[in-house]
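Try each task before reading its solution.

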Amino acid sequence: MPLKLGPHNIDFPYILAPMAGITNAPFRRLMREVGAGLAVSELISATGLQYGGRKTLELCQYFEEERPVGLQIFGEDADHLSQAARQLETRGVDFVDINLGCPVPKVVGKGAGAAMLKDPMVLYKTLAQVRASIQIPLTIKIRTGWDACSINASECVHAAAEAKVTWVAIHGRTRAQGYEGSADWDLIARVKEKSPLPIIGNGDILTAEHAVQRLRESGCDAVMIGRGALRDPFLFLQISELTGAGRGRVEDWTYWKLISRHVELLKQCFSDFYVGVQLRKFLTWYSAGIEGASNFRKLLYEQPATERGTEAVIELGRQFFDRPGIAKQTSFLKEPFLKGGHG
């Protein structure tokens, strides 16, 4: 049965997870074009939206082709969250997501992100206030709890249900874990079994086979894929082929075709300098597991961004990726990858 999002049906239950500094409008649209069933923005400060700073407003950009469009906000103040949600609604987004999973100290230290999971009753009051302030759906993304002594994802899900939240995405780690250890999919499955709301599972999905297995075994309504889509940007198409969903074929794409499209989308949203900054990040991630990647990364960063122009970065990318027979090594899946605060 399709996952419902207001008037929209999410027919392909494999979703691009929100990731700080990563899931901006160009990357979201790119992933939608290569098969993702839905994409959620990087986190946006609810308080920052009150001031309307240029950088904050840049995070609110989206393409019509992304629809349904979901932007994620974070903050510790219910009034600010409500005002931010209303502002995003007036900007035409299809749903608002609240980040309740970010583990980084500068976020949780103020009481936002995963810190909001500590008290489900307070969480309910905050979510109910935000939900009452908008007509479009409200969704949330949480962790399993604050630490091993306070695993309360189920209580938080029930609080969200009482507040009339549309669905809950669960990253299978506590805040204390950060990105260490393994995501607890058994716990996600247990929460789903008793949940009055649709549940989206998230954590450690790196291959198409793994994504399909997690969806089936957990009983979740969908799965979210984050870092795995950076290591392998064709992951959603691979899932589509494996499941017969008909969302496109991997063979219709090459790395250079995908990167060229990414460059086009970046240029529609950002200055030339920032296109170069973004591109170097993504080329670094896309190259993981490809022969010669270590030397390629050295070339990318041997000069500061202020000295190496965007066109030079694009040319380096072309030389590395526009080659016949490029393939990933399987061993790279076991290497540490993006252990920072990406939601």
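Buried means under 20% relative accessible area, exposed over 50%, and partly exposed in between, with a 1.4 Å probe and protein chains only. This is a predicted model, in which local features need pLDDT of at least 70, side-chain atom pairs count only at pLDDT 80 or more, and totals for chains, interfaces and linings use all residues. Residues are numbered from 1 along each chain as its sequence is written, and side-chain values use heavy atoms, with hydrogens and water left out.

**Exercise 1. Cysteines**

Solution: Next, look for a partner. A disulfide is a pair of cysteine sulfur atoms within 2.5 Å. C269 is in no disulfide either, as the nearest cysteine sulfur, in C60, is 12 Å away. C269 is also buried, at 15% relative accessibility. By the rule above, the count is zero disulfides.

**Exercise 2. Backbone**

Solution: P68 sits in the loop between α3 (54–59) and β5 (70–74); helices (H or I, at least four residues) and strands (E, at least two) are DSSP runs numbered from the N terminus. Now turn to phi: K164 is not a glycine, yet its phi is positive, about 70°.

**Exercise 3. D204 and its partner**

Task: which residue forms a salt bridge with D204?

Solution: First the rule: a salt bridge is a side-chain nitrogen of Lys or Arg within 4 Å of a carboxyl oxygen of Asp or Glu. The partner is R173, with the closest N and O atoms 2.7 Å apart. D204 is in the loop between β9 and α9, and R173 in the loop between β8 and α8 (185–193), so the pair ties together parts 31 residues apart in sequence. Then compare accessibility: D204 is partly exposed at 27%, while R173 is buried at 2%. Finally, check the backbone of D204, a non-glycine residue with a positive phi of about 65°.
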